[in-house]
Amino acid sequence: MTDRWFGRALAPAATVALLAGAGTAAADVSVERGPTPLENGDATAAEDITLRNDHIVVSIAAQSAPPWGVARGGIVDAAPIKDGEPLRDKLALVDLIPNNWSSWPTTYQNFEVVTDTPEKAVIRVERDWNDVRMVTRYTLSEGSDRVHMVTTMTNEGDSAYEDILSGYVLWPDGGSFFSVPGLQGVEEGEVDGALADWSAGYAEDWAIALHAPYVEYVDYNSRDLYLRQTLEPGDSQRFEGWLQLRPSGDLGEVVQAEIERKGLAASTVTGTVSTADGKQVDKPVVVFEKNGEPYAWTVGEQGRYQMVLPEGDYSSYATAKAHAQSSSRTLSAKADSKLTRNFNDLEAPGTLRMSVHEKGSMEPLDARVTVAEGQTPLVGYLGRKTFFTELENEGELSVQIAPGDYVFKVSHGAGFLSRPVKVDASVPSGDAEEVTVGIERRTAPNRKGWYAADLHHHSDVLDGYTPPEYVIRSELAEGLDLTLLSDHDSMVNLPEASHYANKRDEPFIPGIEFSPSWAHFNAYPIEIGQELQIDPGKASVQEIFAEAERLGASVIQANHPFIAYGYFTSLNKGDVPGGFSPNFDFVELNGQENYEKAYKKARQLWREGDRYYISAGSDVHDVWAKRSGMIRMFAKVDGALTPESFAASMQQGHSFATMGPLVYPEQMFGETLQVETGTEAELGFTLTAASGLKGATLHGPAGVVAERSFAGAPARRTVTFSPEPEGDGWYSLVVTDANDKKAFTNPIWIDVVEHRPMASDDGE
């Protein structure tokens, strides 16, 4: 792989004009080479490129490694400028992805400064993806809050690339995300029903939008905006987009940019916002809906707001942080018209105080509290739908919330250790509602020496949204016995996560997820305080496994191995640098991706005599949107529970993965049971499920061996299977609960030995 420079020389990295504006007018565009000036930025190498004007700063990875093993040449840092100073980096990646995060084999990346004047900067990046030449031009103009991006893909090979998904992706660093208007709740699919062609990441003090007029298909809740295409030999496809940055969580300017680039007829709406008792709302948020779907919002100041809308019919309401929203108002926007809509019935915040304990013992319980019924804000920074009890005060929650009537779902390891409890509450404006909740724990596996961990969990690095404190609070609320953190190619948050786990004397497993473009691997437990010494995007699989060992990891798991960039998928396509390496330990059953296929692959490996055991992880990035420990690994640990003893137990196969049911074997998983020829193997299990049991299926090398069903969804059953082995092999159990959640066990190995009659006392 080569990195070459063409065109005239860039300014030296030491130049301070980038931040200070020395020697240039405030609105001038500048091009600088060197580490990004943005705090917390990832473009840290001498050859990286930064573009700046008086509105935004963006940095292109020319030498630094981009995340997830993609080729160099994308934007990895970006921030708006507020009051003359850039905010800290708000971006993980914006780039043209050639085929939906499939592996990106690349041999060169060339960078050219095409234009560098006070009025405009243009950077040309040329790269390859297989036989496709990709040329991208980034343009930043004077006075603009957006970077214009144009990428051309040209197939220079002899074969077509059929039905591929190509397009720009937007992965902010933290904050919240607003999908393409009209596609809220659509995680992946066609853009039918879309009201616009942009999506945006945002927080209270910033917004980053990706405008993609070509978009036909979205993925990851509109973080990826794709065109489905077939690229024949010699064909080219052009993609045009804009990356827009604003120093506020107001999406009004994003709508204004769409109006300008499309030349849409538009109307201006203004008004005032106050509470029901006449108090001016300082920072009101006015939300506009179209066709019954959220379209955008604007943020006002001192009780007033203004929004420019394309022609059309809308409904609107006003809200604010922890306020109950106003009644809805309709409006019809006409070309060049001005409308007024005032909102004067908001309700000021109230407070919810909740105490959660175990029924019977009255011991406090960590809990996850979710709004099941009641107001939940569309705009992320105005309030949450999900809350977690505190670290310092176990089982206690105190949160400011919009007043109104609610039903809260309160849970502690729900579906595994207990059932969730629903609680009615009425939160008054300007006052507090106090609620006490008792949860019945139906089982206590840790009292039997069975301990649980979620072995794949992210914080707020790159595509994650969860600060380390909330990783720990969420994992505790799920009743996990060990906590874990494993971010993409980063160990920066391990000390902080460990600190919060130690506050509760909870064993903490420090990990890392190596994330090249062709596979992801979790390595744990590693030593805290180290730095990564390889570039996973360029390393071979052997180099990655060697680095895991250097970091102190005792185990390596192949994460979501059958997604587009999973280990087994890439091996099948021949995309793994270094080819197959056997030096991993576990096949992950991922809570969100292809866990049934991974379990099937594990059975295949067992049939072939390869003792790779299963592991399990939720792969949660946002604990407010998805549950930690939705799938978790239970391991039998004799003696003191530590990260090392837990990992050692898993290496021996003394473990099972579950999304609900619990399985206690009479013959330990991972151990070998000797069975005489012609006799039956006696396999006994005690099964429990907080949601009730539905059935169990015993698998062997030839397939399904036996099945059991349980009438009435009992909470507990003891079952015995008595198969007669045809030869050396294994048995693994799958258990299903009443909610169709499953548990998958590691194998019990079978060693068939010849029958040897016992000698009589007289020697005959």
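Author: By class, the lining of the largest cavity has 6 nonpolar, 2 polar and no charged residues. The model is a predicted one. Which residues form this lining? They are Trp68, Val70, Ile97, Pro98, Trp101, Ser102, Trp104 and Ser517. The space inside the largest cavity comes to about 50 Å³. With a threshold of 30 Å³ or more, the count is 1 cavity.

For the second largest pocket, the volume is about 460 Å³. Its lining consists of 23 residues, and those nearest the centre of the pocket are His412, Arg441, Asn446, Leu480 and Asp481. Sorted by class, the lining of the second largest pocket has 11 nonpolar, 4 polar and 8 charged residues.

Next comes a pair of helices. Two packed helices are described by the angle between their axes and the distance between the axes. Helix α3 covers residues 468-477 and helix α4 covers residues 494-503; their axes come within 8 Å and cross at roughly 40 degrees. Because of that angle, α3 is oblique to α4. The crossing of α3 past α4 is right-handed. On the α3 side the contact is made by Pro468, Glu469 and Ile472, and on the α4 side by Glu496, Ala497, Tyr500 and Ala501. This contact has 5 nonpolar and 2 charged residues, with no polar ones.

Two details of the backbone remain. Most residues other than glycine have a negative phi, and most peptide bonds are trans. Asparagine 40 has a positive phi, near 70 degrees, and is a residue other than glycine. Asparagine 40 sits in the loop between β2 (30-33) and β3 (49-52). The peptide bond from tyrosine 524 to proline 525 is cis, and its omega is near -20 degrees. Proline 525 belongs to the loop between β38 (521-524) and α5 (541-550).

Key. Residues numbered from 1 in each chain as written. Predicted model: local features only at pLDDT ≥ 70, side-chain atom pairs only at ≥ 80, totals over all residues. Heavy atoms only, no water. Axes fitted to C-alpha atoms, helices over the stretch in contact; angles between N-to-C directions. Helix = DSSP H or I, 4+ residues; strand = E, 2+ residues; numbered from the N terminus. Parallel < 35°, antiparallel > 145°, perpendicular 65-115°, else oblique. Left-handed = near helix turned anticlockwise from the far one by under 90°. Contact = heavy atoms within 4.5 Å. Nonpolar A, V, L, I, M, F, W, Y, C, P; charged D, E, K, R; others polar. 1 Å grid on protein atoms, 1.4 Å probe; cavity = no way out; pocket = protein on both sides within 12 Å on 5 of 7 lines; lining within 4 Å. Points joined across faces, edges and corners; volume = space filled by probe spheres on them.
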